[in-house]
Number of protein chains: 2
Amino acid sequence: MTNDREDSLAYLEKKRFFDSLMTVYGRKTVLEALQDSSTFIYRLHLAKSNKPAGILDEISTLAKQKGAEIVYHDRQALSRISKNAAQDQGVAADLQLRGYQLYDEFLRNNHAKNYTLLALDGVHNPQNLGMIIRSACAGQIDGILLPQKGNAQIDPLVIKASAGTVFRAPLLRCKDLPEALVDFKKKGTVVCALSSHAPTELKKFTPDAPCIYVLGNETEGVSPVVAKLCNESVRIPMNNGVESLNVAVTAALIAFR
Amino acid sequence: MTNDREDSLAYLEKKRFFDSLMTVYGRKTVLEALQDSSTFIYRLHLAKSNKPAGILDEISTLAKQKGAEIVYHDRQALSRISKNAAQDQGVAADLQLRGYQLYDEFLRNNHAKNYTLLALDGVHNPQNLGMIIRSACAGQIDGILLPQKGNAQIDPLVIKASAGTVFRAPLLRCKDLPEALVDFKKKGTVVCALSSHAPTELKKFTPDAPCIYVLGNETEGVSPVVAKLCNESVRIPMNNGVESLNVAVTAALIAFR
């Protein structure tokens with residue numbers, strides 16, 4: 001029995017470790033990731049079918065310098081790792097990033113702190129996601145709750161739009177946003193939706209507890225299931241009959257309040 | 001002689017009028033422009049070669065309701081009007097927009113007022129231009145100085161990224177930015193560059209005169225010739241070693257100070 005339990009724990013430990021890695025793909029993207037001084041690389045994955053190319057040599061050299069394991073795969077196995085055969089160009093990398101972690105890890109390490117987070121609820125446009133990450137990373141945001149479901153995921157377009165800040169941004173992974181929000185609320189975190197109909201103005205909203213600002217989908221806004229979990233909502237007043245702001249602009253206005 | 005002078009004046013008057021029109025093209029774009037209650041349309045231009053289509057009927061009906069002249073052209077003449085044969089889809093419209101004017105007109109009508117303008121110095125990306133217009137229109141910006149040279153111009157991509165706010169935004173046309181800035185400076189307007197190296201923080205900068213904030217190119221920043229004309233420069237402080245913000249985000253932070 002003890003052995004089984006130890007095996008389970010080891011499995012969970014291992015799973016947590018792999019869940020904490022960010023896999024990126026594409027030659028230019030992997031090269032840029034390796035050139036960023038703040039990234040650590042766990043494994044470099046290469047397709048056996050790759051033809052020799054200068055950029056591949058650069059990638060391999062940098063990966064070795066950073067102490068990565070280099071693994072060669074057949075094309076199919078590589079596309080299972082990258083999850084994007086059409087764009088991986090025979091290269092993927094598992095990165096360990098300072099700012100990239102599971103949300104419950106963040107919650108454990110930051111209790112009783114007065115953090116400010118953004119949570120994304122259906123941000124589909126990769127350019128918007130990249131811009132949100134860039135602004136949040138530059139501004140006063142302690143983490144971006146990025147659910148695996150229903151949002152754009154980190155891909156070369158997002159990385160480009162983020163101007164490379166993805167590699168140092170505080171990204172908090174979760175599977176499902178409502179579940180994560182419930183966990184944060186249990187610890188006393190205020191969950192606040194951005195909504196054009198809210199009575200309170202963002203500028204006048206100064207929560208005295210840690211707070212998560214929820215940014216909704218580009219056209220639909222915050223989803224009903226998430227809206228129900230919000231205990232506050234705020235709006236940004238607008239002139240000239242403009243009905244809404246771009247979601248990345250909204251994120252920036254929160255990050256630079 | 002008198003007749004010559006009157007002819008010249010009439011010509012200049014006419015030129016000013018046509019310069020004050022915004023020509024848009026593309027079926028969906030023209031339809032959306034006509035559907036916006038704040039737009040007036042002077043002329044609708046249609047290619048004689050257009051095959052019957054429901055959207056063309058809608059466009060013509062709306063144009064008539066708004067009192068526009070409808071003019072039919074051969075394909076080549078239409079593309080000289082739209083200046084984009086590849087994307088005009090046989091339709092162009094000359095719009096009269098409340099907020100769209102020549103910069104010297106604005107200058108004449110707003111002297112001694114404490115306005116805040118944005119000026120664009122090499123913003124090439126249509127999505128950025130659209131987002132800047134949307135944020136400026138929603139926020140506290142009295143005009144966007146948009147030089148014809150060296151910037152993206154109003155096209156269907158820009159209009160889409162602006163979420164249609166182009167039709168009501170305060171857009172100030174000029175040919176050449178340095179020339180316009182000199183004219184504004186003569187009237188006591190402060191010209192302020194956004195620059196990551198500036199000693200003063202945007203938040204601490206509170207000019208007691210009308211002010212133009214100059215936003216530079218996405219990678220190069222403000223051009224040297226424009227930088228020389230600026231009598232102030234400010235920066236937005238950034239965390240995590242991020243070097244710059246997206247230009248549309250910077251515009252939004254100024255618009256919602």
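## Exercises on a predicted two-chain model

The structure holds 20 salt bridges over all chains. One pair joins A:D36, in the loop between helix 2 and strand 2 (39-47) of chain A, to A:R168, in the loop between helix 7 (156-161) and strand 8 (171-174) of chain A, so it ties together parts that are 132 residues apart in sequence.

**Exercise 1. Work out how the radius of gyration of chain A agrees with that of a compact globule, and describe the chain's overall extent and secondary structure.**

Step 1. Begin with the expectation: for 257 residues, a compact globule would have a radius of gyration near 18 Å.

Step 2. Set the value of the chain beside it: chain A has 20 Å, which agrees with the expectation.

**Exercise 2. Find the domains of chain A and describe how domain 1 meets domain 2.**

Step 1. Locate the domains: the assignment for chain A gives domain 1 as residues 2-97 and domain 2 as residues 100-255, and their C-alpha centres lie 28 Å apart.

Step 2. Turn to the contact, in which 17 residues of domain 1 of chain A touch 16 residues of domain 2 of chain A. Between them the two domains of chain A bury about 1,400 Å², with 55% of this area on carbon and sulfur atoms. On the domain 1 side, A:R16, A:M22 and A:L97 supply 39% of the area buried against domain 2 of chain A, more than any other three residues.

Step 3. Look at the pairs that cross this interface: the rule finds 3 salt bridges and 5 residue pairs in polar contact. A:D36 forms a salt bridge with A:R168, and their closest N and O atoms are 3.3 Å apart.

Step 4. Ask which elements of domain 1 of chain A give two or more residues to the side that touches domain 2; they are helix 1 (2-19), strand 1 (22-25), helix 2 (27-35) and strand 4 (91-97) of chain A. By class, the residues on that side of domain 1 of chain A divide into 7 nonpolar, 5 polar and 5 charged.

**Exercise 3. Describe the interface between chain B and chain A, and identify what the chain B side is made of.**

Step 1. Take the contact and its area: 27 residues of chain B are in contact with 27 residues of chain A, and the area buried between the chains is about 2,300 Å², of which carbon and sulfur atoms give 53%. B:R134, B:N240 and B:F256 supply 24% of what chain B buries against chain A, more than any other three residues.

Step 2. Examine the pairs: the count between chain B and chain A is 0 salt bridges, while 16 residue pairs are in polar contact across this interface.

Step 3. Name the elements on the chain B side, where helix 6 (126-138) and helix 10 (247-255) of chain B each supply at least two residues. Helix 6 of chain B gives the largest share, 6 residues.

Step 4. Finish with the classes: the side of chain B that touches chain A has 13 nonpolar, 10 polar and 4 charged residues.

Conventions:
Residues are numbered from 1 along each chain as its sequence is written. Chains are lettered from A and ligands numbered from 1 in the order in which they are written. This is a predicted model: local features need pLDDT of at least 70, side-chain atom pairs count only at pLDDT 80 or more; totals for chains, interfaces and linings use all residues. Side-chain values use heavy atoms; hydrogens and water are left out. Domain bounds come from an automatic or database domain assignment. Contact means heavy atoms within 4.5 Å. Buried area is the accessible area (1.4 Å probe) that two parts lose on being put together, summed over both. A salt bridge is a side-chain nitrogen of Lys or Arg within 4 Å of a carboxyl oxygen of Asp or Glu. A polar contact is a pair of N or O atoms within 3.5 Å; within protein, one must be able to donate a hydrogen and the other to accept it, and residues adjacent in sequence count only if both atoms are side-chain atoms. Helices (H or I, at least four residues) and strands (E, at least two) are DSSP runs, numbered from the N terminus. Ala, Val, Leu, Ile, Met, Phe, Trp, Tyr, Cys and Pro count as nonpolar, Asp, Glu, Lys and Arg as charged, and the others, Gly among them, as polar. The radius of gyration is taken over C-alpha atoms; the globule rule is 2.2 Å times the number of residues to the power 0.38.
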